[in-house]
Amino acid sequence: MSPLAKIQAVSALSRSVLLLSLAGIRQRFPEATDSECKIRLARLTLGSELAERVYPGSSELSGY
């Protein structure tokens, strides 16, 4: 596999993981808006401290 093909494969897998994570968030919080789901995803992937810096007030969300 060429280096470019490896990068493309890793990128596709990373995107799939993010989409699956977002689907799980939507399932757990069906009443959440799109932006709230994205903030929850940021808290999950970035951690609460960094997500709070990027999205001030995000710590008010319960769960993720």
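Figure 1. Glu36 counts as partly exposed because its relative accessible area is 21% (buried means under 20% relative accessible area, exposed over 50%, and partly exposed in between, with a 1.4 Å probe and protein chains only). The model is predicted, so local features need pLDDT of at least 70 and side-chain atom pairs count only at pLDDT 80 or more, whereas totals for chains, interfaces and linings use all residues. Residues are numbered from 1 along each chain as its sequence is written, and side-chain values use heavy atoms, with hydrogens and water left out. The partner of Glu36 in a salt bridge is Arg40, with 2.9 Å between the closest N and O atoms (a salt bridge is a side-chain nitrogen of Lys or Arg within 4 Å of a carboxyl oxygen of Asp or Glu). Side chains of opposite charge can pair when their charged atoms come close. Both Glu36 and Arg40 belong to helix α2, where four residues, about one turn of the helix, separate them (helices are DSSP runs of H or I with at least four residues, strands are runs of E with at least two, and both are numbered from the N terminus). Arg40 is buried because its relative accessible area is 3%.

Figure 2. Helix α2 covers residues 34-46 and contains Asp34. A salt bridge links Asp34 to Arg26, and their closest N and O atoms are 2.9 Å apart. The side chains of Asp34 and Arg26 also make a polar contact, at 2.9 Å (a pair of N or O atoms within 3.5 Å; within protein, one must be able to donate a hydrogen and the other to accept it, and residues adjacent in sequence count only if both atoms are side-chain atoms). Asp34 is classed as partly exposed because its relative accessibility is 49%. Arg26 is likewise partly exposed, with 34% relative accessibility. The salt bridges in the model number two. Asp34 and Gly57 stand 23 residues apart in sequence, and their C-alpha atoms are 16 Å apart in space.

Figure 3. With a relative accessible area of 3%, Ser58 is buried. A polar contact of 3.3 Å joins the side chain of Ser58 to the side chain of Arg43. When neighbours within four places in sequence are left aside, the residues in contact with Ser58 are Ile39, Arg43, Ala51 and Glu52 (contact means heavy atoms within 4.5 Å).

**Figure 4. A nonpolar surface patch that includes Val54.** Leu46, Leu50, Val54 and Tyr55 make a nonpolar surface patch of about 330 Å² (patches are made of residues with over 30% relative accessible area and no salt bridge; like charges are joined within 9 Å, and nonpolar side chains, namely Val, Leu, Ile, Met, Phe, Trp and Tyr, within 5 Å). Val54 lies in helix α3, which covers residues 48-54. Val54 counts as partly exposed because its relative accessibility is 46%.

**Figure 5. The whole chain as context for the close-up views.** The protein has three helices and zero strands, and along the sequence these elements follow the pattern α-α-α. The C-alpha trace spans about 45 × 25 × 15 Å along its principal axes. The radius of gyration is 14 Å, whereas a compact globule of 64 residues would have one near 11 Å (taken over C-alpha atoms; the globule rule is 2.2 Å times the number of residues to the power 0.38). Of the 64 residues, 19% count as buried. Among contacts between residues at least 6 apart in sequence, 21% join residues at least 24 apart. The protein exposes about 4800 Å², of which carbon and sulfur atoms supply 59% (accessible areas come from the Shrake-Rupley method with a 1.4 Å probe; for residues, only the protein chains shown count as cover).
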